[in-house]
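This report goes through a single protein chain, from its overall layout to a few individual residues. The sequence and structure come first.

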Amino acid sequence: MKRFLLMLTLIISALSLQAADITNISSAFKGGNASSLTPFMDKEVDMALPKSTKKCNGSEAVTMLNTFFSTNKPSGFTIVHHADKKESGFFVGKLPTATGEYRVNITYRSEGDKAIIQSIRIE
């Protein structure tokens, strides 16, 4: 019985430590599709783009990204570094566009296996 309880505890612990899935966020940046990020935006998002910085709500963040993507059409997106902690994480990516290459930093909090974006910095 003790072994069973120990195994059950280990399994539950392992499941609760799973990293948040960032695949949808990465795909949205690769395709320049800011609208698909709507379900992943937090209530308040820190945005830093080359010509503007703003703390805004999720829909404003999507609008800012749409504007950025309309003048800087992405031709791909590659994750360079990714780190998860217990309830949060971040990743850094390269975003090649028609106007040059940008570095993207995204921080998020985990909600189950879903990444909720808290900040986006494009430099």
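## Overall layout

The model is predicted. The protein has three helices and six strands, and from the N terminus on its elements run α-α-β-β-α-β-β-β-β.

Of the 123 residues of the protein, 37% count as buried. Among contacts with a separation of 6 or more, 44% are between residues 24 or more positions apart.

## Helix H3

Helix H3 covers residues 58-71, which makes 14 residues. From its first C-alpha to its last it reaches 21 Å, close to the 20 Å expected at 1.5 Å a residue.

The buried residues in H3 are Gly-58, Ala-61, Val-62, Met-64, Leu-65, Phe-68 and Phe-69. They lie on the same side of H3, because they cover an arc of only 160° around the axis. Ser-70 and Thr-71, on the other side of H3, are exposed. The cover over the buried residues of H3 includes helix H2 (23-31) and the strands S1 (41-49), S2 (52-56), S4 (88-97), S5 (100-111) and S6 (114-122).

## The nonpolar core

The largest nonpolar core has 30 residues, and Phe-29 and Leu-65 touch the most other members. At least two residues of this core come from each of H2, S1, H3, S4, S5 and S6. H3 supplies the largest share, six residues. In soluble globular proteins, nonpolar side chains tend to be buried together.

Which residues does Phe-29 touch, not counting those up to four places away in sequence? They are Leu-37, Leu-65, Phe-69, Pro-74, Gly-76, Phe-77, Leu-95, Val-104, Ile-106, Ile-120 and Ile-122. Leu-65 and Phe-69 in this list are also among the buried residues of H3.

## Strand pairing from S3 to S5

S3 and S4 pair in the antiparallel sense, over six bridges. Three residues make up the link in the hairpin that joins S3 to S4. S4 and S5 also run antiparallel, joined by 10 bridges, and these two strands form a hairpin with two residues between them.

His-81 stands opposite Val-92, and Val-92 stands opposite Asn-105 in S5.

Asn-72 lies in the loop between H3 and strand S3 (78-84). Is Asn-72 buried or exposed? Its relative accessible area is 8%, so Asn-72 is buried, the limit being under 20%.

Two polar contacts involve the side chain of Asn-72. One, of 3.0 Å, joins it to the side chain of Thr-71; another, of 3.1 Å, is with the side chain of Tyr-102.

## Ser-27, in helix H2

Ser-27 lies in helix H2. With a relative accessible area of 43%, Ser-27 is partly exposed, because this class lies between the limits of under 20% for buried and over 50% for exposed.

Ser-27 and Thr-78 are 51 residues apart along the chain. Their C-alpha atoms are separated by 9.7 Å.

How values were computed
Residues are numbered from 1 along each chain as its sequence is written. This is a predicted model: local features need pLDDT of at least 70, side-chain atom pairs count only at pLDDT 80 or more; totals for chains, interfaces and linings use all residues. Side-chain values use heavy atoms; hydrogens and water are left out. Helices (H or I, at least four residues) and strands (E, at least two) are DSSP runs, numbered from the N terminus. The expected span of a helix is 1.5 Å times one less than its number of residues. Buried means under 20% relative accessible area, exposed over 50%, partly exposed in between (1.4 Å probe, protein chains only). The arc is that of the directions from the helix axis to the C-beta atoms. Contact means heavy atoms within 4.5 Å. A polar contact is a pair of N or O atoms within 3.5 Å; within protein, one must be able to donate a hydrogen and the other to accept it, and residues adjacent in sequence count only if both atoms are side-chain atoms. Two strands pair if DSSP finds at least two bridges between them. A nonpolar core is a set of buried Ala, Val, Leu, Ile, Met, Phe, Trp, Tyr and Cys residues joined through side-chain atoms within 4.5 Å.
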